[in-house]
Amino acid sequence: MAFMEKPPAGKVLLDDTVPLTAAIEASQSLQSHTIVRRYSDFDLLNNSLQIAGLSLPLPPKKLIGNMDREFIAERQKGLQNYLNVITTNHILSNCELVKKFLDPNNYSANYTEIALQQVSMFFRSEPKWEVVEPLKDIGWRIRKKYFLMKIKNQPKERLVLSWADLGPDKYLSDKDFQCLIKLLPSCLHPYIYRVTFATANESSALLIRMFNDKGTLKDLIYKAKPKDPFLKKYCNPKKIQGLELQQIKTYGRQILEVLKFLHDKGFPYGHLHASNVMLDGDTCRLLDLENSLLGLPSFYRSYFSQFRKINTLESVDVHCFGHLLYEMTYGRPPDSVPVDSFPPAPSMAVVAVLESTLSCEACKNGMPTVSRLLQMPLFSDVLLTTSEKPQFKIPTKLKEALRIAKECIEKRLIEEQKQIYQHRRLTRAQSHHGSEEERKKRKILARKKSKRSAVENSEEHSAKYSNSNNSGSGASSPLTSPSSPTPPSTAVEHAPF
């Protein structure tokens, strides 16, 4: 399918990972892009976000004197700071509560209800499955919902069903998409979590896997319960502690091995993070291979979209591996990327890998390959004991469809990176032009030009007067037309637009 071809029916064009920003205006407006919010709306949002366990800076209520001009100005400043804190927090900015608050026009749907309707339709033709309970908000995606399941003739076994909409990066034809989704249960690999059942229609996909009560790698790092909501589990961990060095080495090697397997197969992934790695004893198993087929944007997209050298899904996987390794090492994600300096680590070999994936130099010059990471001292001496032989047969026709879809995903990423780069250049130019230092320079330059013009005008006037006297005294001289005076230069200050 061509990149600019008409999108498939049911495909969601909105990228939910694009960060939203908000500015509080002093006056109300009826334009479509303006949302009128009362203090009570902020209070309601803040109460809902308390599950995250964070201390958010919402200004307190005031019953008396709340119409004073000074108070209104101070309140506006406080609410703006509150919004800035929320929108710069990676987890909060992606959650449904915040999206609905900032952009109700695009996030007004009841996604849980939509998921329930789709799942109910599926069970009409598959009566052997039964829903035990919804697993509310255990994931970060707005348009992906989870349900605890059981098989009617095996009531003690628990499974988890995931349902998700198509995303903005879905470029497979409906036929190829459905064929590839149904191939996923046939994928056998010691470091891929097995899919029990998978099906899809023209607008969504549904997959069933065994439920693991030990949870994911992120649950291990954060000492969290798998069934708890995402915000509660990961926003504000009570104890920040990284893993042991041997765990870091073993888990890292296993994850790199499965990434290399997928890259060799031509299967696009791009969705590596600690919540997509299931733990089975001392073995890591990768989750959510279907995300790239569905066209869902990555959890770390707002990070790697800032760097134009991270423009292939292979380099995306390597960069995301850097995030994961940082979290395994320090027990929390990096405060910002790129990382200027790394805290003390259990081994300098860990820091060497982190520098190759998260440092300023790495983000500027590009990511190493997975093969290169496997050769680094941190992972090269790790012995893997599994005897399970990987199997994932993809027909040639579907491999070609995957290749084209992968190119389209990368093309959209490159276009987005160009837009971000151009916006940055414009913002820097406006900031530079509006700085106090530049204003002083422009004023000095304007004065110099004004003085120079005044001197030139004076000289021209003297020359004209001299010529006039010479002509009056009878000296032969051709008539000349003096140049028009140069007007004084005016420094124009452009406001950002």
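Is Glu400 buried, partly exposed or exposed? In this predicted model, Glu400 is partly exposed, with a relative accessible area of 36%; buried stands for under 20% relative accessible area, exposed for over 50%, and partly exposed for the range in between, using a 1.4 Å probe on protein chains only. Because the model is predicted, local features need pLDDT of at least 70 and side-chain atom pairs count only at pLDDT 80 or more, while totals for chains, interfaces and linings use all residues. Residues are numbered from 1 along each chain as its sequence is written, and side-chain values use heavy atoms, with hydrogens and water left out.

A salt bridge here is a side-chain nitrogen of Lys or Arg within 4 Å of a carboxyl oxygen of Asp or Glu, and the structure holds 28 of them. Arg403 is partly exposed as well, at 37% relative accessible area. Both residues belong to helix 17 (residues 396-434), where they are three residues apart, about one turn of the helix; helices (H or I, at least four residues) and strands (E, at least two) are DSSP runs numbered from the N terminus.

Elsewhere, Asp335 pairs with Arg332, with 3.4 Å between the closest N and O atoms. Asp335 counts as exposed at 71% relative accessibility, whereas Arg332 is partly exposed at 25%.

Turning to the rings, the structure holds 15 aromatic pairs. Rings of Phe, Tyr and Trp (its six-membered ring) pair if their centres lie within 6.5 Å, and planes under 30 degrees apart count as stacked, over 60 as edge-to-face and the rest as tilted. Phe122 and Phe123 make a tilted pair, with 5.0 Å from centre to centre and 55 degrees between the planes; both residues are buried. Tyr326 and Tyr330 have ring centres 4.6 Å apart and planes at 55 degrees, so this pair is tilted too. They lie four residues apart in helix 12 (residues 313-330), about one turn of the helix. Tyr326 is buried at 4% relative accessibility, and Tyr330 is buried at 10%.

Ring pairs also link Trp140, Tyr222, Phe230, Tyr234, Phe299, Tyr300 and Tyr303 into a cluster. One of these rings, that of Tyr234, has the charged end of Lys218 over it, 5.2 Å from its centre. A charge sits over a ring if NZ of Lys or CZ of Arg is within 6 Å of the ring centre and within 35 degrees of the ring normal. The charged end of Arg37 likewise sits over the ring of Phe101, 4.4 Å from the ring centre.
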